[in-house]
Amino acid sequence: DPPKVASITYPAATQSRAATINYTVTDGPIGSGISNVSCSMRLVQAVTPASSRLGPDPGSDFPPPPLAGQLQIPCPQPAKYGLVEGRYMFSLQLQDNAGLRTQVDYTIVLDLQPPETRVTTPVQASGSALPSQFTLNFYAKDLPSSGNAGVATSQIMLTSATAASPPSPPSVLVPAPGNSSDAVAASAPNSGRRLLQSQSPPRYLNGSDVEFGTWQNATSPVTFQNLVSGSYSLQVRSIDAAGNVGNATDAWPFRVDATLPINPSNSGSGSGSGWPISKTVVGIIAGIGGALLILVVVAVICVRRKAAARKDMPWRTAQQPLPLGGGGAHGSSNSPTPQPMYYGNPVAPQIAGARSYQPSSQTNQAEANRQWEEDRVARAIAASMEDDKMARAMEASRRAQYTRNEDASLDAAIRASLASLATQQANRR
């Protein structure tokens, strides 16, 4: 096996220009041993000078990385670099005495700028009040726009200006289903604990109590519950992965009237969308379900009508050729009569006086065979014509169905067509 990095500590996201990397490598218990360890540090995404901050000087112990990510052989232990704001790639290259090589890459972000946060909802009209439960939405963005460490968490602080202190009866904190931890994470609006008491103090939807004047972790959207009537203000700030704490938003004042009904569109359930979006989704689903139901009903009606039409349709059974031999009652033995087609009972009745073939010699047998073949072709043509008539009758019945749109009229048309065909067949017989 090739050599491996046994352990490494490095600043994945930092606000310090001095980067220190400690590592250990191994070739395993039966390996040939490490022969060479080299490394490189290269800048892969620089921050534009307009938004860059130099930060404190890291000092002479932290030189800048080699230009163009050149390899350092051997790699210093620990490896120290003085960075500028941006995203870097630190690479370790290992080689053992058997010639096997390994390269491992690590991303390091130097972020010297804090994130920005702004409140997006709710929008309160001048002089209006909010109910005791409402949902707040905010937006956080880390800076700079390129090469940042990313927002790690957001915090919210609620301040009560004139609200009366709510009663605080004894309470029992019970873990919510699926949450066995005693810790309360304000950033998880649906995974906290529920408060069992007759009159709950102000809290977040996840069950953690509101601590007025204290920064508490939260994620957007966040829902406040059980606020008493009075005036409040709140601020929001964010912290990025490098530890930069953003400036708090301007204090947003609002007034609560606990007698107002809770607005379902702003009560919040952790989704941030509220009832209007849910109502829209339900409406779309109901519309699709109704359309599918209509299609199923139409399909069932069509299938039943086709089945009824086929049930009333007479069945045609082609008869086998008449056997040779025996006398006939319709002329000479050399003039075979075409065998008719029968409708209705699949079992054909016996034909009285059917013409038979009586060849007296080999020549007569050949002539009889030829005549019989001509007779078979004539019967096939007659059957085809009957098929065409049946198809035309059925098409007329279908058109009558669509124009009248009445089952009784459709059945009458089908029966009339069948009766006409039966009469024609009877006349032929």
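Biologist: Why is Asp388 called partly exposed?

Modeller: The relative accessible area of Asp388 is 38%, and because the name "partly exposed" covers values between the buried limit of 20% and the exposed limit of 50%, Asp388 is partly exposed. Please keep in mind that we are reading a predicted model.

Biologist: How do you know that Asp388 forms a salt bridge with Arg392?

Modeller: The closest N and O atoms of Asp388 and Arg392 are 2.8 Å apart, and since a salt bridge needs a side-chain nitrogen of Lys or Arg within 4 Å of a carboxyl oxygen of Asp or Glu, the pair of Asp388 and Arg392 qualifies. The two residues are four apart in helix 3, so about one helical turn separates them. Arg392, with a relative accessible area of 59%, is exposed, because the limit for that name is over 50%.

Biologist: What makes Glu373 and Arg376 a salt bridge?

Modeller: The reasoning repeats: the closest N and O atoms of Glu373 and Arg376 are 2.4 Å apart, and the cut-off is 4 Å. Glu373 and Arg376 are three residues apart in helix 3, which also amounts to about one helical turn. Both are partly exposed, Glu373 with 33% relative accessible area and Arg376 with 36%.

Biologist: Which residues are linked with Arg370 in a network of salt bridges?

Modeller: Glu367 and Glu374 are linked with Arg370 in that network. For Arg370 and Glu374, the closest N and O atoms are 2.6 Å apart, and these two residues lie four residues apart in helix 3, which spans residues 362-404. Arg370 has a relative accessible area of 39% and is partly exposed, and Glu374, at 47%, counts as partly exposed too. The count for the whole structure comes to five salt bridges.

Biologist: Let us turn to the rings. Why is the pair of Phe134 and Phe254 called edge-to-face?

Modeller: The ring centres of Phe134 and Phe254 are 5.3 Å apart and their planes stand at 70°; rings pair if their centres lie within 6.5 Å, and planes over 60 degrees apart count as edge-to-face, so the pair is edge-to-face. A search of the whole structure finds eight aromatic pairs. Phe134 lies in strand 9 and Phe254 in strand 17, so the pair ties together parts that are 120 residues apart in sequence.

Biologist: Is Phe134 buried or exposed?

Modeller: Phe134 is buried, with a relative accessible area of 0%, and Phe254 counts as buried at 3%, because any value under 20% receives that name. Phe134 and Phe254 also belong to an aromatic cluster whose members include Tyr204, Phe212 and Trp252.

Biologist: How do you know that strand 8 and strand 13 are edge strands?

Modeller: In the open sheet with the order 8-9-15-13 the pairing is antiparallel, and strand 8 and strand 13 each pair on one side only. Strand 9 and strand 15 are joined by three bridges, and as two strands pair if there are at least two bridges between them, these two strands pair. Leu136 has Val222 in strand 15 as its bridge partner.

Biologist: What makes strand 16 and strand 17 a pair?

Modeller: Five bridges join strand 16 to strand 17, and the pairing rule asks for at least two. Leu234 stands opposite Trp252 in strand 17. These strands belong to an open sheet of four strands in the order 14-10-16-17, where strand 14 and strand 17 are the edge strands.

Biologist: Why does the phi of Asn226 deserve a remark?

Modeller: Most residues other than glycine have a negative phi. The phi of Asn226, however, is near 60°, a positive value. Asn226 lies in the loop between strand 15 and strand 16, and its relative accessible area of 30% makes it partly exposed.

Methods
Residues are numbered from 1 along each chain as its sequence is written. This is a predicted model: local features need pLDDT of at least 70, side-chain atom pairs count only at pLDDT 80 or more; totals for chains, interfaces and linings use all residues. Side-chain values use heavy atoms; hydrogens and water are left out. Rings of Phe, Tyr and Trp (its six-membered ring) pair if their centres lie within 6.5 Å; planes under 30 degrees apart count as stacked, over 60 as edge-to-face and the rest as tilted. Buried means under 20% relative accessible area, exposed over 50%, partly exposed in between (1.4 Å probe, protein chains only).
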